[in-house]
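The sequence and structure come before the comments.

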Amino acid sequence: MFDISMNALMAQLLVGLINGCFYALLSMGLAIIFGLLNIINFAHGAQFMVAAFLAWMGFAQLPLLLGPEFKINFWLALILAPLIVGGLGIVLEKTLLKRLYHLDHLYGLLLTFGIALMLEGAFRHFYGISGLNYDPPELLRGGIDLDFMFLPTYRAFVVVFSLIICAVTWYLFERTKLGALLRAGTENAKLLQAFGVNIPLMITLTYGFGVALAGVAGVMAAPIMQVNPLMGANLLNIVFAVVVIGGLGSILGAIFTGLALGLVEGLTKVFYPEAATVVVFVVMALVLLTRPAGMFGKEK
Amino acid sequence: MTRASVPTAAQAFSFTSIPMPVRILLVLLVPAMLVPFFPEIAYPVFIMKVLCFGLFALAFNLLIGFTGLVSFGHAAFFGWAGYTTGGLMIHYAPKGLPVEIAILAGVLVATAIGYVIGALAIRRTGVYFSMVTLALSQIAYFFAVQAPWTGGEDGMQGVPRGHLLGFIDLSSDTAMYYFVLAVFVLGFLAIHRIIHSPFGQALKALRDNPARAISLGYDIDRCKLYAFMLSAALAGVAGSMKALVLQLAALNDVMLSTSTEVLLMTLLGGLGTGWGPVVGAALVLTLQNYLAALGGVVTIIIGFTFVVCVSFFRLGIIGELQAALQRRESKKQHAHSSPLVETHSETSGR
């Protein structure tokens, strides 16, 4: 069992770390949205997928439609796609979600779930289910030989960039005045509104920001995963387990649990590959048995 | 909400004293009995499928509509009951295993899985509960993909239907149809009985006001777990019957899409209504039947139905109908100023 080569181990750990970055980004977005809107955004995976498709479309389809000078490269997509999906998220919040706040949170969950089905169905209708390739940008091709393993540059970039976004988001929410307002809004929106804070606007922008985070993850995932309509749905199942394990309480919880579970999954792939797809759910069951509120969550 | 459940001895024999959902069941039973004679109007195998999914949705409704727990994992019970019954029938029916035992085994497996998932999931409430059921049912799905005897992607085909009570040959669609109909009626009555029992009232209480239910002395975790297992068991009945009807236990039955379909059926028909889930099941299956050729478009339509339902028709078809009837009734009451007009209400959806 322990005759596994250093190379294979490190490679799987890297894959695990990258997956962990996506788990962290997605569950962080879910946590932020849940905090203010009290809605589990079931459309999160679909929004992630749409961003990946937008990057691919800007690169592969837009030039065919409008001419080669309209080719959207990776860096531009990394800015534009999150803005677009975030904007669409804001439209969704303004038109449909905001009608549901006075109801049981079940309805928000069902509505976003319906949105997810529509988005997935639409992309499946037009693009089929086979994956589309999206190459990493020129700048990040190739890799570095670290002696004990080969590190592809793009993957290193994904890890570093994700960690930066996680850190910035954490700082924004936990250490700034804006973050303090948002957390206060989570605790008692009515009181904050009485102080003259524009709560509806805050909610709208928070939803947009959470969705945009999923968008960033989607664009970054495009060169690694095959771009296909179900890429988000498959990931989201695991992210829900991550959320349950971490507890939706804190952004820090989302980041740590996401990264840790990615690594656990990578390790399982090395030592017992058959269990790799279930290990996250098994961990979730164990955590629920011992700490029902999750590792970082507070029992309400 | 609480009335119309138990008729007193004096009225026990009059038709109007029978609770509304059961009355509808009795009325519908007449055309339902005639289905095998007019296959050109209603194709029996399709109606059997509707009955199976209708029962599945009713079992689901017991949980979501009356206990307020939203499970995203009911496909695990439905699918694994089908696998159990299908597997037993394929391997042991030729050696003389009765079909009743195979169905019972399917139900037991579903109940056991229900116990495991339920015991873990009720440790969390609200949306967490839903996410836990979803994540745990993924384990059930992975086992279905990887276990050697489930047939993986292909599923189990050619499940023999066997002989009921040893002498009724179920391989004829007509015999199978009456068997499914009987099981559906029994399942419907059982659910009706559960809802209107003291246990059912306790479930409604813990749905509407858990703190108060605790203060009244109910062990709400145990109530939730029992409700979950009952729902799983009945979903198992539906799954076993479906495997026999279509002679197929497929991977699709344990997938998330089946869990969400049953959710849509219940939501579309009306949460917490007596007949809503069945109406929803009939509607969704009919839609799928007609739109099967369109591929991805079906998903769009199903998603769109979710959005429209949640945004505009939260009570579902039957729920909205009941609400409309009630409004008219109360208007009439005001007109005649007679406060004693009884309105049969079964609404308890939110």
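The points below take up the basis of the model, the interface, and then chain B.

1. Basis of the note. This is a predicted model, in which local features need pLDDT of at least 70, side-chain atom pairs count only at pLDDT 80 or more, and totals for chains, interfaces and linings use all residues. Residues are numbered from 1 along each chain as its sequence is written, chains are lettered from A and ligands numbered from 1 in the order in which they are written, and side-chain values use heavy atoms, with hydrogens and water left out.

2. Extent of the interface. Contact (heavy atoms within 4.5 Å) links 42 residues of chain A with 39 residues of chain B. The two chains bury about 3,700 Å² between them, 76% of it on carbon and sulfur atoms; buried area is the accessible area (1.4 Å probe) that two parts lose on being put together, summed over both. On the side of chain A, the residues that lose the most area to chain B are A:Tyr107, A:Leu110 and A:Met118, together 15% of what that side buries.

3. Polar terms across the interface. The rule finds zero salt bridges between chain A and chain B, a salt bridge being a side-chain nitrogen of Lys or Arg within 4 Å of a carboxyl oxygen of Asp or Glu. Five residue pairs, both at pLDDT 80 or more, are in polar contact between chain A and chain B. A polar contact is a pair of N or O atoms within 3.5 Å; within protein, one must be able to donate a hydrogen and the other to accept it, and residues adjacent in sequence count only if both atoms are side-chain atoms.

4. Composition of the chain A side. Helix H5 (105–127), helix H10 (231–246) and helix H12 (279–290) of chain A are the elements that give two or more residues to the side touching chain B. Helices (H or I, at least four residues) and strands (E, at least two) are DSSP runs, numbered from the N terminus. H5(A) supplies the largest share, 15 residues. By type, this side divides into 30 nonpolar, eight polar and four charged residues; Ala, Val, Leu, Ile, Met, Phe, Trp, Tyr, Cys and Pro count as nonpolar, Asp, Glu, Lys and Arg as charged, and the others, Gly among them, as polar.

5. Overall form of chain B. Chain B has 13 helices and four strands. Its radius of gyration is 20 Å, close to the 20 Å that the globule rule gives for 350 residues, so chain B is as compact as a globular protein of that length. The radius is taken over C-alpha atoms, and the globule rule is 2.2 Å times the number of residues to the power 0.38. The C-alpha trace of chain B spans about 65 × 50 × 45 Å along its principal axes. Of the 350 residues, 55% count as buried: buried means under 20% relative accessible area, exposed over 50%, and partly exposed in between (1.4 Å probe, protein chains only). Among contacts in chain B with a separation of 6 or more, 77% come from residues 24 or more positions apart.

6. Helix H7 of chain B. In H7(B) (residues 198–208), B:Gly200, B:Ala202, B:Leu203, B:Lys204, B:Leu206 and B:Arg207 are buried. The buried residues of this helix pack against helix H6 (173–195), helix H8 (210–215) and helix H9 (220–246) of chain B. B:Arg207, at 13% relative accessibility, forms a salt bridge with B:Asp208, the closest N and O atoms being 2.9 Å apart.

7. Further salt bridges. The structure holds five salt bridges over all chains. One of them joins B:Asp173 to B:Arg161, with the closest N and O atoms 2.9 Å apart. B:Asp173 lies in helix H6 of chain B and B:Arg161 in the loop between strand S1 (156–157) and strand S2 (163–164), so the pair ties together parts that are 12 residues apart in sequence. B:Asp173 is partly exposed at 32% relative accessibility, whereas B:Arg161 is buried at 5%. B:Asp253 and B:Lys242 also meet in a salt bridge (2.6 Å, N to O), and both residues are buried.

8. Two individual sites. B:Ser240, in helix H9 of chain B, is buried at 0% relative accessibility. A polar contact of 2.7 Å joins its side chain to that of B:Thr85. B:Phe37 lies in the loop between helix H1 (20–34) and helix H2 (44–64) of chain B and is exposed, with a relative accessible area of 56%.
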